[in-house]
Amino acid sequence: MKTIGIFYATLTKTTVGIVDEIEFFLKKDDFKTFNVKSGVKEIENFENLIFVTPTYQVGEAHAAWMNNLKKLEEIDFTGKVVGLVGLGNQFAFGESFCGGIRHLYDVVVKKGGKVVGFTSTDGYHYEETSIIEDGKFIGLALDEENQPSLTPKRIEEWIKEVKKEFK
């Protein structure tokens, strides 16, 4: 398997903690981690990618992702395999739960990339969300406010599935 590029944005330690857990479950694999506040140019150097973002306001990705969307749209994702991880609060923001990954999903698909790691909506309690395609979340949805005890197992299972799709 080729090197995995992990790209994230955050204002809090919560997202950093999620990235740390992803790295833990990839410890036997070759990966490099980048904070997108420094830009997204490095994405071009990877075929296997994981994008991580918390959700703010009503379904917005972290500002560093939103500020780099135009640059992201300039990248040709043809041949790239991307897994998405969203953080959100399914009770307090049930109308936009983990909606930040929708912005990333739309760009990746529009630019020819393959998004992998769709997950079941079972076990979640939200009003609605923009991250459902064919009855599944378009990535891994995590709620560290209400279901932190489920996070490690969800990440572990998700990583196993995503790695099957990586080149």
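Biologist: Where does Asp134 lie?
Modeller: In this predicted model, Asp134 lies in the loop between strand 7 (132–133) and strand 8 (136–137).

Biologist: Is Asp134 buried or exposed?
Modeller: Asp134 counts as exposed, because its relative accessibility is 79% and the cut-off for exposed is over 50%.

Biologist: What about the phi of Asp134?
Modeller: The phi of Asp134 is positive, at about 50 degrees, although Asp134 is not a glycine.

Biologist: Now Cys98, please. What is its phi?
Modeller: Cys98 has a phi near 55 degrees, which is a positive value in a residue other than glycine. Cys98 sits in the loop between strand 5 and helix 4 (100–110).

Biologist: And is Cys98 buried or exposed?
Modeller: Cys98 has 0% relative accessibility, so it counts as buried.

Biologist: Let us move on to helix 4. Which of its residues are buried?
Modeller: The buried residues of helix 4 are Gly100, Ile101, Arg102, Leu104, Tyr105, Val107 and Val108. Just after helix 4 comes Gly112, with a positive phi of about 90 degrees.

Biologist: His103 is in helix 4 as well. Why does His103 count as partly exposed?
Modeller: His103 counts as partly exposed because its relative accessibility is 23%. That value falls between the limits of 20% for buried and 50% for exposed.

Biologist: What does His103 touch, apart from its neighbours within four places in sequence?
Modeller: His103 is in contact with Gly59, Glu60, Ala61, Met66 and Leu69.

Biologist: How far is His103 from Ile131?
Modeller: From C-alpha to C-alpha, His103 and Ile131 are 9.5 Å apart in space, while in sequence they are 28 residues apart.

Biologist: Which residues of helix 1 are buried?
Modeller: Thr15, Ile18, Val19 and Ile22 are buried in helix 1. They cover an arc of only 100 degrees around the axis, so they are on the same side of helix 1.

Biologist: Why do residues three or four places apart point the same way?
Modeller: An α-helix has 3.6 residues a turn, so residues three or four places apart point the same way.

Biologist: What do the buried residues of helix 1 pack against?
Modeller: Their partners are strand 1 (4–8), strand 2 (31–35), strand 3 (48–56), strand 5 (81–87), strand 9 (140–142) and helix 5 (151–165).

Biologist: Which residue caps the N-terminal end of helix 1?
Modeller: Thr12 caps that end, with a side-chain oxygen 3.3 Å from the backbone nitrogen of Thr14.

Biologist: How much space lies in the largest pocket?
Modeller: The largest pocket holds about 310 Å³ of space. Its lining has 17 residues, and the closest to its centre are Pro54, Thr55, Leu87, Gly88 and Asn89.

Biologist: Last one: where is Thr119 found?
Modeller: Thr119 is found in the loop between strand 6 (114–116) and strand 7. Thr119 counts as buried because its relative accessibility is 15%.

Biologist: What does the side chain of Thr119 reach?
Modeller: The side chain of Thr119 reaches the backbone oxygen of Gly139 at 2.6 Å. Beyond neighbours within four places in sequence, the contacts of Thr119 include Lys136, Phe137 and Trp158.

Key
Residues numbered from 1 in each chain as written. Predicted model: local features only at pLDDT ≥ 70, side-chain atom pairs only at ≥ 80, totals over all residues. Heavy atoms only, no water. Buried < 20%, exposed > 50% of the residue type's maximum accessible area, 1.4 Å probe, protein only. Helix = DSSP H or I, 4+ residues; strand = E, 2+ residues; numbered from the N terminus. Arc of directions from axis to C-beta. Contact = heavy atoms within 4.5 Å. Polar contact = N/O pair within 3.5 Å; in protein donor to acceptor, adjacent residues only side chain to side chain. 1 Å grid on protein atoms, 1.4 Å probe; cavity = no way out; pocket = protein on both sides within 12 Å on 5 of 7 lines; lining within 4 Å. Points joined across faces, edges and corners; volume = space filled by probe spheres on them.
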